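The following note sets out a few points for a colleague reading this structure.

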Amino acid sequence: MPAPAFNDRVEKKFQLGIEEKEVAALWRDLSTVLHPYGLEPVQEITSVGSVYYDNKDCDLLRFSLLGHLMLFRTRAYEMYGQVPQPIGEYWIELKTAQGTRRRKRRFPLAKGALQDFLDGREMGQSVADRGREAGVADIGELYSASQETVLTMGLKPLLLVRCKRIAFQSDTSRLSIDWDVEYYHAQASLYEASSWKYLAEPSVGRSGKVILEMKCLTDEGVPAWFSELQQRYPVWAREYLKPVEGMGCLFKGPLRHHKEVNYFIPLINAYMENTLLG
């Protein structure tokens, strides 16, 4: 999968007032509504699996709750409606924010090279070649900086967020819709699985929401196509992070004995209540 655009963008999140079973009809409707504005479907229904990392003190979660977004994750894309293929590649991603502007730096890494990266080994030639093929110009610098973040902060896999996604895109805007969001306790053994679409272990929680993300290269106000969408569907601004909600599920389940559970749960509950903006 080629590296997507919109790695440096203005990002806004919304909750759609529809049930998850209505997403298929929504997809068909939006294909017609958005076409005159140059937004076209860019992928079939995709399973997006994101493993979020943190250290034993959950410092990255703490940063997010205090308004200083910093996320480190590995991400895998799997398609529905196709012959199943084992996961062979992950995207290594570091995401930060300043106001509504998000910056995501990422590069692809073959499944067999992931452990070398996590263990602090130098980048191999095959990693460099794949990075350049995917359009990552500064692959060497990005590999080293991401690796340093993992090692110096003591980051380990902690939470898997899995969802279904559809997306529409033009030259300046991208609209993605996520649903069927589930949360899992992630451990290193997760990378041994050939697929994350159908895990044997039960999830620790699910969102139950239909989330719309609007990503624009510039902040020029509300696009005309979004105004039309608002006239057709109930939409509420909801600037919340899936990994924050997922960590709340972990603290009420597998991590209920964490040393700072009584510190984090009230903050997460307050965060989830206060992110419903309209």
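1. In this predicted model, Arg121 has a relative accessibility of 44% and therefore counts as partly exposed. Asp116, at 34% relative accessibility, likewise counts as partly exposed. The side chains of Arg121 and Asp116 meet in a salt bridge, with 3.0 Å from N to O.

2. Salt bridges with shared partners also link Arg165, Asp178, Glu213, Lys215 and Lys242 into one network. In total, the structure holds 26 salt bridges.

3. Where in the structure do Glu11 and Lys95 lie? Glu11 belongs to strand 1 and Lys95 to strand 4 (residues 89-98), so this pair ties together parts that are 84 residues apart in sequence. The side chains of Glu11 and Lys95 form a salt bridge at 3.3 Å, N to O. Both Glu11 and Lys95 are buried.

4. A further salt bridge joins Lys21 to Glu19, whose closest N and O atoms are 3.6 Å apart. Are these residues buried or exposed? Lys21 has 71% relative accessibility; because exposed means over 50%, Lys21 counts as exposed. Glu19, at 47% relative accessibility, counts as partly exposed.

5. Helix 1 (residues 23-33) has as its buried residues Val23, Leu26, Trp27, Asp29, Leu30 and Val33.

6. Which residues of helix 8 are buried? They are Val261, Phe264, Ile268, Tyr271 and Met272. These residues cover an arc of only 100° around the axis, which places them on the same side of helix 8. The buried residues of helix 8 pack against helix 2 (59-65) and helix 7 (242-251). On the face turned away from the buried side, helix 8 carries the exposed residues Asn262, Glu273 and Asn274.

Conventions:
Residues are numbered from 1 along each chain as its sequence is written. This is a predicted model: local features need pLDDT of at least 70, side-chain atom pairs count only at pLDDT 80 or more; totals for chains, interfaces and linings use all residues. Side-chain values use heavy atoms; hydrogens and water are left out. Buried means under 20% relative accessible area, exposed over 50%, partly exposed in between (1.4 Å probe, protein chains only). Helices (H or I, at least four residues) and strands (E, at least two) are DSSP runs, numbered from the N terminus. The arc is that of the directions from the helix axis to the C-beta atoms. Contact means heavy atoms within 4.5 Å. A salt bridge is a side-chain nitrogen of Lys or Arg within 4 Å of a carboxyl oxygen of Asp or Glu.
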